[in-house]
Amino acid sequence: MYSMQTVVTCESGLHNKQATYFIQKANEYRSSIWIEVEERRINAKSLLGVLSMGVTTGTTVTLVADGSDEEIAVNALSEMLVKDIF
């Protein structure tokens with residue numbers, strides 16, 4: 001299991017297109033991946049789950065992955081949260 005804490009700095013947070021691109025990227029990995037915000041933990045491969053988190057700019061999230069490509073997945077997804085994808 002590998003985890004990393006990141007502050008979301010992309011302008012739009014995880015909404016609309018940003019969330020869609022994030023989920024598409026998460027689904028490229030075999031590992032199970034979760035996003036944690038405070039006490040909530042959701043599947044990072046679920047569009048409804050990610051949108052329900054309401055992650056905005058300035059939110060601190062913890063990305064957690066478990067599987068064969070866990071470290072690569074967490075690092076790539078963390079990078080997406082600090083820049084605008086589109």
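This is a predicted model: local features need pLDDT of at least 70, side-chain atom pairs count only at pLDDT 80 or more; totals for chains, interfaces and linings use all residues.
**Ground rules.** I number residues from 1 along each chain as its sequence is written, and I take side-chain values from heavy atoms, with hydrogens and water left out.

**Entry 1, the α1 and α3 pair.** I looked up how helix α1 (residues 16-26) lies against helix α3 (residues 70-80), and found that their axes come within 10 Å and cross at roughly 170°. That makes α1 roughly antiparallel to α3, a label for angles over 145 degrees, where under 35 is roughly parallel, 65 to 115 roughly perpendicular and the rest oblique. The axes are lines fitted to C-alpha atoms, for helices over the stretch in contact, with angles from 0 to 180 degrees between N-to-C directions; helices (H or I, at least four residues) and strands (E, at least two) are DSSP runs numbered from the N terminus.

I then listed the contacts (heavy atoms within 4.5 Å): Q18, Y21, F22, K25 and A26 of α1 meet A76, L77 and M80 of α3. By class, this contact has 6 nonpolar, 1 polar and 1 charged residues, where Ala, Val, Leu, Ile, Met, Phe, Trp, Tyr, Cys and Pro count as nonpolar, Asp, Glu, Lys and Arg as charged, and the others, Gly among them, as polar.

I noted E70, A73, V74, A76, L77, S78 and M80 as the buried residues of α3, buried being under 20% relative accessible area, exposed over 50% and partly exposed in between (1.4 Å probe, protein chains only). What covers these buried residues includes β1 (2-7), α1, β2 (32-37) and β4 (60-66).

How many salt bridges does a search of the whole structure find? The search returns 2, each requiring a side-chain nitrogen of Lys or Arg within 4 Å of a carboxyl oxygen of Asp or Glu.

- K25 pairs with E28, the closest N and O atoms being 3.4 Å apart; K25 is partly exposed at 26% relative accessibility, whereas E28 is exposed at 54%.
- E36 pairs with R41, with the closest N and O atoms 2.8 Å apart; E36 is partly exposed at 24%, and R41 is partly exposed at 43%.

Which side chain of opposite charge is nearest to E70? E70, in helix α3, is buried yet has no salt bridge, and the nearest such side chain, R41, is 10 Å away; here Lys and Arg count as positive and Asp and Glu as negative, with His and the chain ends not counted. Leaving aside residues up to four places away in sequence, I find E70 touching M1, Y2, S31 and A65.

I checked N16, which lies in helix α1 and has a positive phi of about 50° although it is not a glycine; N16 is exposed at 63% relative accessibility. E38, in the loop between β2 and β3 (40-43), is another residue other than glycine with a positive phi, near 55°, and E38 is exposed, with a relative accessible area of 78%.

N27 sits in the loop between α1 and β2 and is partly exposed at 44%. I noted that the C-alpha atoms of N27 and Q5, 22 residues apart along the chain, are separated by 20 Å.
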